[in-house]
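Please examine the structure shown here.

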Amino acid sequence: MITKRNNEIWAIGGGKGGTGKSFLLSNLGTFLANSGKKVTLIDLDLGGANLHSMLGINPPNKTISDFYNLGVPLEKITTSSGIRRMSLIAGNSLSFAPQSIIYSRKLKLLRHIQKLNSDYTLIDLGAGCDHSILDTFLIADKMIVAINPELISIENVYQFIKSVIFRKLRQVLTAEGLKDLVLKILYQKDSRYLKNLNGLMDFLKKESPDIGEMLDKEFSKFKFYLILNKVHSSEDAQIGFQIKSVCLKHLGISTRYAGYIELDDSIKRSVRIGKPYLISYPTSSHTTALRQVAKNLQSDQDLRI
Amino acid sequence: MHKKNKEIQKYLEILELGMDPTYQEIKTAYLHLKRLFSTDSIALFPIKKELPKKKRQELLKEIETAYTELSKQYLNNVHTEFPSDPDAQKSLEITDEERISIFYSGAALKKIREKADILLLNISLETKIRIEQLKNLEDENFALLPERIFVKGFLNNYADYLSLDIQKVSTDYLKKYDEWKNNPATRKRKTGE
């Protein structure tokens with residue numbers, strides 16, 4: 001009899017390319033696998049699938065396209081990652097246009113991901129915030145955003161978080177048969193409500209206290225996990241705390257600052273070589289930092305100011 | 001008592017603190033938020049347009065109030081940090097009369113600082129006063145302290161850091177200092193031998 005594993009799903013997304021999502025994910029997966037957990041990595045970065053490159057694997061024969069186009073079950077698409085206990089479902093950025101995947105297939109994918117028999121499933125969503133990405137992001141038990149300490153990246157993260165919130169709101173309201181309410185919000189002239197989750201909640205509560213209560217319930221456990229990557233200095237590291245406060249005070253959303261990773265040549269090298277950083281540089285301070293981030297994510301811990 | 005606890009909860013939320021923070025945590029949280037919303041922080045920049053000046057000032061005012069109230073609350077309970085039993089809290093609060101009757105000698109300052117879990121190092125880093133001088137201040141090693149005007153400066157910084165009544169700290173402490181200074185016997189020790 002096969003033990004049914006817990007399958008905690010982590011998804012990493014947000015922002016443009018180059019923030020280090022794939023780097024972080026492959027290393028977080030390596031840490032978990034090395035600590036005895038069964039891990040599945042899924043590369044859904046349709047803009048540039050590179051998890052397999054990070055792991056030094058040649059473009060595998062089986063990819064996520066096989067699921068979409070041929071209906072091959074996910075378990076049959078996994079390939080070895082080079083790390084024991086961690087398997088990879090490789091992405092494919094070449095053969096199909098993402099927009100052409102029909103909605104029902106996407107939903108099917110999400111259901112199958114949830115049914116995987118892993119301790120942890122880590123999903124690389126890549127850049128962008130179209131509906132597929134947001135929907136996939138929302139099935140995660142832990143929604144992780146990778147940020148760089150630069151203005152553009154920070155701007156992208158706020159935008160991404162807002163998009164996720166509105167997508168969730170739409171899901172919740174549509175499920176309750178309140179699609180009209182969604183349209184009402186979108187066309188709300190008083191755009192004050194659209195800028196702030198608190199303001200939006202207030203507006204909805206005015207519409208109906210039942211809705212308000214339901215939303216409180218859905219959003220009370222809603223939170224994001226922040227990882228600050230490519231940090232240059234200790235001032236940079238503080239940006240994580242600032243973003244946390246802005247999210248709380250302005251967007252009304254809870255976040256956990258899981259940690260920060262410094263920029264370093266050795267990291268660039270390991271990406272080029274195609275081996276997880278943890279494996280190539282086991283004694284490096286950046287490895288320590290990565291391990292701590294992984295532990296913080298597992299135990300839902302924050303950095304203290 | 002419960003109403004008061006609700007207010008405290010609100011202030012804790014504003015400063016983004018958990019239950020039972022130390023004084024150091026309160027102060028750090030306050031400084032972080034104050035800096036974030038009063039300067040041009042990079043994290044604030046993308047949403048600057050969404051946060052009009054008026055709203056920002058309201059936010060800063062809230063943060064200020066939360067800090068003031070929480071420090072008062074904290075320093076009230078010199079015997080214990082936020083106890084979860086509201087009745088216990090009542091019996092341990094120092095009344096205004098009691099507070100006025102505290103004489104801020106060096107030893108008293110030291111006791112307050114220690115109860116608040118603050119190291120001399122913390123005060124030194126913030127005020128830029130050397131640790132040895134802060135120690136001399138607490139130990140009332142008047143002979144080793146610099147001129148009176150500097151001592152007053154030290155006291156102001158020290159008292160401000162601990163959110164104490166700057167005037168009273170200064171007045172009390174300098175009373176003792178002046179006693180020493182005007183006493184020819186002890187004074188001789190400073191200038192002579």
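This is a predicted model: local features need pLDDT of at least 70, side-chain atom pairs count only at pLDDT 80 or more; totals for chains, interfaces and linings use all residues.

Residues are numbered from 1 along each chain as its sequence is written, chains are lettered from A and ligands numbered from 1 in the order in which they are written, and side-chain values use heavy atoms, with hydrogens and water left out.

Me: How many of the 5 residues of strand 2 of chain A are buried?
Reply: Strands are DSSP runs (E, at least two residues) and helices likewise (H or I, at least four), numbered from the N terminus. Buried denotes under 20% relative accessible area, exposed over 50%, and partly exposed the range in between (1.4 Å probe, protein chains only). A:Val39, A:Leu41 and A:Asp43 are buried on one side, and A:Thr40 and A:Ile42 on the other. Strand 2 (residues 39-43) is largely enclosed by the rest of the structure, because the buried count is 5 of the 5.

Me: Which residue in strand 4 of chain A stands opposite A:Leu41?
Reply: Strands pair if DSSP finds at least two bridges between them. Strand 2 of chain A runs parallel to strand 4 (residues 86-89), joined by 4 bridges. Opposite A:Leu41 stands A:Leu88.

Me: How many disulfides are there over all chains?
Reply: A disulfide requires two cysteine sulfur atoms within 2.5 Å. For A:Cys129, the nearest cysteine sulfur is that of A:Cys247, 15 Å away, and A:Cys129 is in no disulfide. Over all chains the count is 0.

Me: The backbone oxygen of which residue lies 2.9 Å from a polar atom of the A:Asn296 side chain?
Reply: A:Asn296 belongs to helix 13 (residues 285-299) of chain A and is buried, at 6% relative accessibility. Beyond its neighbours within four places in sequence, the contacts of A:Asn296 (heavy atoms within 4.5 Å) include A:Gln301 and A:Leu303. The backbone oxygen in question is that of A:Ala258.

Me: Which residue of chain A meets B:Glu16 in a salt bridge?
Reply: A salt bridge places a side-chain nitrogen of Lys or Arg within 4 Å of a carboxyl oxygen of Asp or Glu. Between chain B and chain A there are 3 salt bridges. With an N to O distance of 2.9 Å, the partner of B:Glu16 is A:Lys249.

Methods:
A polar contact is a pair of N or O atoms within 3.5 Å; within protein, one must be able to donate a hydrogen and the other to accept it, and residues adjacent in sequence count only if both atoms are side-chain atoms.
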